[in-house]
Amino acid sequence: MSTTTLDTSAQTIDRFVSAFQVNHGQALNGTNASVAKRREAAIQRFQELGVPTRKQEAWKYTDIASVLDRPYTLPLGPEEADVSAADLDPYLIDDLDAHVLVLVNGRPDLSLSQLDAMPEDVTVGSLKDAGDHPAFEAHYGEYADAEDEVLTALNTAFVQDGAFIHVPEDVELEQPILLLHVNAAQDDLLMQPRHLFVVEADAKARVIGRQLSLTGARTFTNTVTEMFVGERGYLDHYVIQEEDDNASQVLSRFGYHEGDSVLSTDTFTFSGEVVRNNMTLTPDGPNCETNLYGLVIGHGSMHVDNNTLVDHVHADCVSNELYKHVLNDQSTAVFNGKVFVHRDSQRIDAYQSNDSLVLNNDAQIYTKPELEIYADDVKCSHGTTTGQLDEEAVYAMRTRGIDEATARALLTLAFAGEVLEQVTLDAISERVELAVAGKLPERFNLTGLVETASALNA
Amino acid sequence: MALLEVENLHVSVEDEDIEILKGVDLTINEGEVHAIMGPNGSGKSTLAAVLAGREEYVVTEGSIRYKGEDLLELEVEERAEEGVFLAFQYPVELPGVSMTNFLREAVNSVREARGEEELGAADFLKLVRERAKLVDLDPDLVKRSVNQGFSGGEKKRNEIFQLAMLEPTLAVLDETDSGLDIDALRTVSDGVNKLRSDERAFLLITHYQRLLDYIEPDYVHVMVNGRIAESGDKDLAIRLEEEGYERFQREPAAA
Ligand SMILES: Nc1ncnc2c1ncn2[C@@H]1O[C@H](COP(=O)(O)OP(=O)(O)OP(=O)(O)O)[C@@H](O)[C@H]1O
Ligand SMILES: [Mg+2]
C-alpha cells in the first residue's frame, strides 16, 4: 500500500505520528542510516513542538492548523499520476531556453523532463536517487532547521523525494533550470517534497520553480528546500507560485552561502489559498551578497505570508530585501522580515523595504520589520509603505484618453516594477509582467501593452 | 456651430458649499485662439478642470456644448478621445510609468476613437521623434518615467509634447508659460504656433502678456471672481499689463 488516509478522528499530531509508524520503512533512502536517524529525531520534534497556533508570534496572522487539519491523503510511495507532456506544454515558459525537470505531486518525473542538454558533470534529478552523491552526504539536512521549525520537522520525518541539483566547482550553467511543479491529484492530497540545490565554489546556476495545479483537488504542500552556495558561487532562485485557489502550502527555504558568493531569491505569488513562505538565508563568509525579492498579487480570499530571516553570522556582507504586495478583493498579505546581525558581524549593509498597494478596503496587510543588531559598525535600514493608487495620477492618465482600467493597471505595473527590474531573465520578467496584468481582474488585461513595451525597448 | 459653447456655467466643489464659477459664458469657434487672464483664485483652472471632466467639481447650473453635444455627459477619457486636451498647470508625476507606454496607450486610444488605425512600434517611434523635435523636448526624457524627476520647465514642455502627439481639437493650456525660461517660452510658443490650424482651437490661461506676443490670440477674456468680466482683442492684455485688475475688483458683483 502506498497511500494512507489521515485519520481525522485523531488529533492532528497523532494522525501524523501513527502514519509515520505505519509506514516506517518507506521514506527516502529507507536504508540510509543518517537519513533514518534524522527522520526519527524529526518526528520526535514534531510531536514535541506541536502544530503552530496563532498564539505563536511567527504564526500570528496565519492559521495553518486548520489547513493541516483536513482529511488529506498522504502518499507514501510514488503514485500513478495521469500527466502527459501535452498537459505541461502550456506551462513551459515560452522563449525560456531551460533544462526542465518536471515534478508531479512533489516527485520528479524524468520521462516528462527535458534534461538532454545538461552538461555531463552537472546533476539534476531525483533526490531519491542522490543518496550516494557526496554532495547529498555533505549537505542534506545541514541547513533545514528540523529542530525548531515544526513544518520542517514534519517534512524531514516524511521525506521521500524532490529535486536534487548539483553544480560542481567552476561550472557556470548557462541555461537556467526550470523546475515545473505540478499538482495532479485526484483527491485531497498532502505532499512533502524535499529539494536540495548545491552550487559549489566558483559555480553558477539559475533555478526557476514554477508551481501549478492541473486538477482542482484540494492540496497542501509542505516543501523544504535547502540551498548551498560555495565560495565565489552564484545562485539565483526564482519561485513563481500559481497554484489553484484551493491549494495551500508552506514553502520553507534554507540557504547557506560562503564567502564572496551571491544568493538571490525572487518569490512571485499570484494564486493559492494559504501560502506561507519561510525563508532563512545565512551568508557565512566575507563579501556575501544576499538578495530577497518578492511580489504578491492577492485576489479573492488569498492569504500570503512571507516570513524571512537574513542571519548575518559573518562580517562584511550586504543584504537587500524588497517585497511588494498588490492586494485586491479580500486578500491578505503578511510580511515579517527579520534581519539579525550578530555581535562580531561588523560592516554589514542590510536594506529592507516592503510596500503595499491596497486596492480594496477589504484587503489587509500586516507587516513587521524586525532588525536585531548586536554589532556596532553596520548600516541597516528598513522602510514600509502602504497606500492606494494615486487618484491624481489616474485622472491625469484619463485626460490623455487612457481608460480608467488601463490607467490603474499601468500604475499597478509601475508599482511592481522595482521588483520586476531585479529579474535577470527576460523571459521570466515578461512572463511575470504578463501575469501581473493578467492576474489583476479581467479588465486590467495588459497583454498587448506589455508586448509593445518590450518591442520598443528591444 | 461653435466648437465650444459655455453658457451661464455655475460650478461648486463637491463636498463644500463654495461656488467657484458664477455664470461663465464663453464661445470658441474652430481655429480660434482665446486667452483668459485674471487674478489668482478667480476660477481659471476650475474652468479648465471642468472642461477636462474632473469629478470633484459639480456643475449646478448652465451648460457646456462641444461640437454641438453635451460635454458634461462624457467621461474624462471620452473627452480626450473627442479631442479635448488640458495641459496642466501642475503636471502630475507618474513614477514607474514609462513615457513610451503612456504615450502609446494615449495615442492609440485617441486614434481608435477617431477611426484611425493603431500605430505600430516603428510609426509610433517616428511620431515621438518628430513631435519631440517640434517642442524641442530632450529625447532622453522619452526614455524616463512620465514627469518623474523632470524639472519644472521640462514638465511644462512635456505637456505641449503630449498635445502635439494627441492632436486635439480644443487645447486648453493652463499657465504653460509659468516655469519656462525665456528661450523655452519661445520654442514652446513656436511649437504651439506650428500646431495652430483651422480646425484646432486654443484656450490659453496665462498671467503674462509676453506669451501673447508669441502666440497671438484672437480674443482675450478677463476672469474675475468666477465670471468673465470683460472680453476684447489682444490689446486688452496689454492694457491689463499696465493697469492690473483693480478696476474689475471694485465693480459691483452683480452683472
Ligand atoms: N477642490 C477645491 N476645493 C476647495 N476650493 C477650491 C477647489 N478648487 C478650487 N478651489 C477654490 O476656487 C478658487 C478658484 O481656484 P482656481 O484654481 O480655479 O483659480 P485660478 O484662477 O486658476 O488661480 P491661479 O491664477 O492662482 O492659478 C480658489 O479660491 C480656490 O481655492
Ligand atoms: Mg490656476
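## Terms and model

Strands here are DSSP runs of E with at least two residues, numbered from the N terminus, and two strands pair if DSSP finds at least two bridges between them. Welcome to a predicted model, in which local features need pLDDT of at least 70, side-chain atom pairs count only at pLDDT 80 or more, and totals for chains, interfaces and linings use all residues. Residues are numbered from 1 along each chain as its sequence is written, and chains are lettered from A in the order in which they are written.

Let us begin with strand S16 of chain A, residues 289–298. Because 9 of its 10 residues are buried, S16(A) is largely enclosed by the rest of the structure; buried means under 20% relative accessible area with a 1.4 Å probe, protein chains only.

Which strands pair with S16(A)? One is S14(A), residues 262–271, which is parallel to S16(A) over 8 bridges; here A:Ser264 has A:Asn291 as its bridge partner. Another is S18(A), residues 318–327, also parallel and joined to S16(A) by 10 bridges, with A:Tyr293 bridged to A:Leu322.

## The second largest pocket

The second largest pocket holds about 490 Å³ of space. Its lining has 23 residues, and the closest to the centre are A:Ala58, A:Glu149, A:Arg276, A:Asn307 and A:Lys338. Strands S15 (274–284), S17 (303–312), S19 (332–341) and S21 (364–373) of chain A each give two or more residues to this lining. The largest share, 4 residues, comes from S15(A).

On a 1 Å grid over the protein atoms alone, a pocket is an open set of points where a 1.4 Å probe fits, with protein on both sides within 12 Å along at least five of seven lines, and lining residues have an atom within 4 Å of a point. Points are joined across faces, edges and corners, and the volume is the space filled by probe spheres set on them.

Conventions:
Heavy atoms only, no water. Buried < 20%, exposed > 50% of the residue type's maximum accessible area, 1.4 Å probe, protein only.
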